[in-house]
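Biologist: I am new to this structure and would like to learn how to read its features one at a time. Could we look at it together?

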Amino acid sequence: MIFDSSAAAVVKKRGRDIKASQQGDGCRNSMGHPIIAVDGKTCLPTSSEALKIKHRGPGAETTKPFASITVREEKPFDFFRVLCEGIVAGGTAGVVVETVLYPIDTIKTRLQAARGGGKILLKGLYSGLGGNLAGVLPASAIFVGIYEPTKQKLLKMFPENLSALAHLTAGAIGGAASSLVRVPTEVVKQRMQTGQFTSAPNAVRVIVSKEGFKGLYAGYGSFLLRDLPFDAIQFCIYEQLRIGYKLAARRDLNDPENAMIGAFAGAITGAITTPLDVIKTRLMTQGSANQYKGIFDCVQTVVREEGPTALLKGIGPRVLWIGIGGSIFFGVLERTKQFMEERRPVTGDSHKSK
């Protein structure tokens, strides 16, 4: 084979021109087509032929087999934003649920408060709703406002296999924080539901005058005994079911699915905590009579005088109320959170590739 030295010179010059073109114009091949930057130094052609790279000798730089992707750095945890969104979403969900299901809650309360087979009145099922909403709104807002940032913080701290513990802990913390508002609200509501008062302001005035300020926190211990495990279990079941459903479906959940999972979580938790709810109702509605000396005395008295089944009074309305309430609450909660997320101001970082 005859080797033409002039042709070799042309080929060599052509190679230098290509290399210079790649450095000057920013990674283009001899045909003018763009090629992918792998490590900021090496340029790989996009054509299938050019991607077949030969092995280089010792000491030569090894080309990476995949293109680098610009990854946006994780933003710092925005506690204030999550808190505010949780307050709005929680307050909205709480008010909607309480308004829709208040009559069922009234029937449940009257069943639990009745002694010795007393008759259950079906009049005034919305008695005390206005005053109750005045307490439910801030209580629900505080609960979700505390729960959401606490949950997100704990999920980052705990390993993935302990996510249930993060949800349980966040639910208990949120319940404890909101109890400062929920207990007085519950005391006034249940005494109005049982016909002791006709208006919330009058109920507060009479309770404070006869029992002192602590009267508004009657049954506080039993409330915590019921609501801390209730909140922890309900939100844990809900969050864990959502995680499992998402993994199975490989997509985000829609509104009916969120509502269905919320209903199941609420119904199961409501049934489990019914005895605690009965004790809480008895302590909150006893007034200044002080029939019960405390949680354990209340349990013993109810079981001795009415039998163990009395601790399950109102389980039907309670499961129905909390099941439907869970469906509405979590459905409204997720929809409100999504609504606010869609209208969140777009920052400059949002335009970067993920």
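Biologist: How much space lies in the largest cavity?

Modeller: Rolling a probe the size of a water molecule over the atoms shows where empty space is left. Here a cavity is a set of points, on a 1 Å grid over the protein atoms alone, where a 1.4 Å probe fits but cannot get out, while a pocket is an open set with protein on both sides within 12 Å along at least five of seven lines, and lining residues have an atom within 4 Å of a point. Grid points are joined across faces, edges and corners, and a volume is the space filled by probe spheres set on the points. In this case the largest cavity holds about 640 Å³, and the count comes to 1 cavity of 30 Å³ or more. Please keep in mind that this is a predicted model, in which local features need pLDDT of at least 70 and side-chain atom pairs count only at pLDDT 80 or more, whereas totals for chains, interfaces and linings use all residues. Residues are numbered from 1 along each chain as its sequence is written, and side-chain values use heavy atoms, with hydrogens and water left out.

Biologist: Which residues of the lining lie nearest the centre of the largest cavity?

Modeller: Of the 27 residues that line the largest cavity, Glu 98, Ser 140, Arg 182, Phe 230 and Trp 321 lie nearest its centre. Two or more lining residues come from each of α2 (79–113), α3 (129–157), α4 (163–193), α6 (220–249) and α10 (315–342), where helices are DSSP runs (H or I, at least four residues) numbered from the N terminus. The lining divides into 11 nonpolar, 8 polar and 8 charged residues, with Ala, Val, Leu, Ile, Met, Phe, Trp, Tyr, Cys and Pro counted as nonpolar, Asp, Glu, Lys and Arg as charged, and the others, Gly among them, as polar.

Biologist: At what angle do the axes of α3 and α6 cross?

Modeller: Two packed helices are described by the angle between their axes and the distance between the axes. The axes of α3 and α6 cross at roughly 55° and come within 13 Å, the axes being lines fitted to C-alpha atoms over the stretch in contact, with angles from 0 to 180 degrees between N-to-C directions. That makes α3 oblique to α6, since angles under 35 degrees count as roughly parallel, over 145 as roughly antiparallel, 65 to 115 as roughly perpendicular and the rest as oblique. Phe 143, Tyr 147 and Lys 151 of α3 make the contact with Asp 231, Phe 235 and Glu 239 of α6, contact meaning heavy atoms within 4.5 Å.

Biologist: Where is Leu 125 placed?

Modeller: Leu 125 is in the loop between α2 and α3. Not counting residues up to four places away in sequence, Leu 125 touches Tyr 102, Pro 103, Thr 106, Ile 107 and Arg 110. Leu 125 and Thr 106 are 19 residues apart along the chain, yet 5.8 Å separates their C-alpha atoms.

Biologist: What is the volume of the second largest pocket?

Modeller: The second largest pocket has a volume of about 330 Å³, and α6 gives the most to its lining, with 3 residues.
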